[in-house]
Amino acid sequence: MGLSSLFGFEEVGMLGRKNRRIAELQRAVEGLQELLSRIGDARSAQTDALEEVDRAGAELVALRHRISTARAELQPLKEELTLQRAGVVRTDAAADHQAQLDLIHDEMKTLIKTGAAIEGGGQVTYNGSDATGRRLVEDWSALMLRSYNCEAENCLRMLRAGGLDAARRRLDRSASAIERLSGTFALRVSPRYQALRVYELELTADHLQRRAESRRTRRIAS
């Protein structure tokens, strides 16, 4: 006995439509379940990606901190190298004047780095090139400054108690020779830089004088 014998044709048609609707809804549910599964996978991947980004960010911050620390540690070495390249040697020979000497050397570094330790040069053209002329003046300035500083270091090393005037004259002669030998460049050691090097001589001479007096006092006491 068929369905049509149990139900009318209208009821059979309605049942068929409901079955088809149920099938459609079932397929929709399966599609939604698949979509939700993909969304869940995507969210999981996104969470993993965000965690990886957070880890990379933390590593970047740590790396930047290490770079900053390394640069801070390197800075004093760079400043010391600035003096050494210009022929200046720092010592603690006059320890009782170390604070003043540190200030002197700090200002010397500033003058050297800004190119203010040597004056003159002006506008120089070489083989029709202003740029080549500027480089030539810079090279000569560096050479003249190093020569002057080497003479100043010799004065400091050879300085004896009571020999300050002779050391000053020797340093003045060096500055005059540099100005004369610079020729058409008209270079000279800046007065401020000269004053700093002379002050350095004076402090060292004072230290040597005090040390000599201390030795004499100890000999007399003994």
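I started with Glu200, which is buried at a relative accessible area of 4% (buried means under 20%, exposed over 50%, partly exposed in between, with a 1.4 Å probe and protein chains only). This is a predicted model, so I note that local features need pLDDT of at least 70 and side-chain atom pairs pLDDT 80 or more, while totals for chains, interfaces and linings use all residues. Numbering runs from 1 along each chain as its sequence is written, and side-chain values use heavy atoms, leaving out hydrogens and water.

Glu200 sits in helix 6 (residues 191-221); helices are DSSP runs of H or I with at least four residues, strands are E runs of at least two, both numbered from the N terminus. Which residues does Glu200 touch, not counting those up to four places away in sequence? I found Leu101, Ile104, His105 and Leu156, where contact means heavy atoms within 4.5 Å. From Glu200 to Leu101 I get 6.7 Å, C-alpha to C-alpha, across 99 residues of sequence.

Next, aromatics: my search of the whole structure gave two pairs (ring centres of Phe, Tyr or Trp, its six-membered ring, within 6.5 Å; planes under 30 degrees apart are stacked, over 60 edge-to-face, the rest tilted). For Trp140 and Phe185 the centres are 5.8 Å apart and the planes at 55°, so I logged the pair as tilted. Trp140 is in helix 4 (residues 130-158) and Phe185 in the loop between helix 5 (164-181) and strand 2 (188-189), so the pair links distant parts of the chain, 45 residues apart. Trp140 is partly exposed at 31% relative accessibility, whereas Phe185 is buried at 10%.
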